[in-house]
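Hi,

Please have a look at it first and then read on.

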Amino acid sequence: MRVTKNWLVKHNACSDGMSFVTEHKLIGTDECYFIRQLVKLDKHDWALWLLVRRLDRKDRIRFAVYCAKDVSPIYEAEYPNDDRPRKAIEAAETCMKSNTKKNRDAARAADAARVASWAADAAWAAADAAARAAASAAWAAARAADAAWVAADVASNDQSAMSRYIEYGVGLLEDK
């Protein structure tokens, strides 16, 4: 898909972003090129914004699971007896393999048990995106983006993890 001004306006791109991509002549370019250029120009947040809006529901779940798995060892080292994030990730993976009502209910149950018992941190945000992505595509897009940001912050405290997550997502787009 070519990223057009109309598409960006329709999806509520911010005025700063519109000015920036116009100035850098990105309007009308292929979405994967557009996203990679944003990363090169150190606009990871804008690249992620576009990426999660272009991924379909199943790929948003894949993306969120990828980010969650990347940071889960950090969480598990800190909380070795808490397997709820892992269970939420597994439930989301099960939904990806077989999107049945039973599997969606199991993902929501894993999510509800986890949310009821502990507050937000990196693994929570990432696992939350993975589990909740099974229920709502629009919500999942925002949570997938949140998961990547939180995961990148925890994993490296710089942009290298975010760049890796975005490149994984672009790969999902290219596989279409």
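**Overall picture**

Of the contacts in the protein that join residues at least 6 apart in sequence, 65% are between residues at least 24 apart, where contact stands for heavy atoms within 4.5 Å. Please keep in mind that this is a predicted model, in which local features need pLDDT of at least 70 and side-chain atom pairs count only at pLDDT 80 or more, while totals for chains, interfaces and linings use all residues. Residues are numbered from 1 along each chain as its sequence is written, and side-chain values use heavy atoms, with hydrogens and water left out.

The protein has 10 helices and zero strands, which reads along the sequence as α-α-α-α-α-α-α-α-α-α. Both kinds of element are DSSP runs numbered from the N terminus: helices are H or I with at least four residues, strands E with at least two.

Of the 176 residues, 44% count as buried. Buried is used here for under 20% relative accessible area, exposed for over 50% and partly exposed for what lies in between, with a 1.4 Å probe and protein chains only. The accessible surface comes to about 8,800 Å², and carbon and sulfur atoms hold 51% of it; these areas come from the Shrake-Rupley method with a 1.4 Å probe, and for residues only the protein chains shown count as cover.

**Salt bridges**

Side chains of opposite charge can pair when their charged atoms come close. I took a salt bridge to be a side-chain nitrogen of Lys or Arg within 4 Å of a carboxyl oxygen of Asp or Glu. By this rule there are four salt bridges.

Let me start with Arg54 and Glu31, whose closest N and O atoms are 2.5 Å apart. This pair links distant parts of the chain, with Arg54 in helix H4 (residues 44-54) and Glu31 in helix H3 (residues 31-40), 23 residues apart. Arg54 is partly exposed at 25% relative accessibility, whereas Glu31 counts as buried because its relative accessible area is 7%. What else does Glu31 touch, leaving aside its neighbours within four places in sequence? Besides Arg54, Glu31 is in contact with Met1, Val3, Leu50 and Leu173.

Next come Glu174 and Arg36, which meet in a salt bridge at 2.7 Å, N to O. Here too distant parts of the chain are linked: Glu174 belongs to helix H10 (residues 159-174) and Arg36 to helix H3, 138 residues apart. Both ends are partly exposed, Glu174 with a relative accessible area of 43% and Arg36 at 26%.

Arg62 and Asp59 form a salt bridge as well, with their closest N and O atoms 2.7 Å apart. They sit three residues apart in helix H5 (residues 57-78), so about one helical turn separates them. Arg62 is partly exposed at 29%, while Asp59 is buried at 2% relative accessibility. Elsewhere, salt bridges that share partners join Arg36, Glu167 and Glu174 into one network.

**How H5 meets H6**

The axes of H5 and helix H6 (residues 84-97) come within 10 Å and cross at roughly 155°. Axes here are lines fitted to C-alpha atoms, for helices over the stretch in contact, and angles run from 0 to 180 degrees between N-to-C directions. H5 is therefore roughly antiparallel to H6, a label given to angles over 145 degrees, with under 35 being roughly parallel, 65 to 115 roughly perpendicular and the rest oblique.

H5 passes H6 in a left-handed crossing, that is, the near helix is turned anticlockwise from the far one by less than a right angle; clockwise would be right-handed. Among the residues that make the contact are Ile61, Arg62, Val65 and Glu76 of H5, and Arg86, Ile89 and Met96 of H6. Glu76 is partly exposed, with a relative accessible area of 24%. Its C-alpha atom is separated by 8.9 Å from that of Arg86, 10 residues apart along the chain.

Finally, have a look at Leu8 in helix H1 (residues 5-10). Leu8 counts as buried because its relative accessibility is 4%. Not counting residues up to four places away in sequence, Leu8 touches Val3, Ala13, Met18, Val21, Ile27, Phe34 and Trp49.

Best wishes
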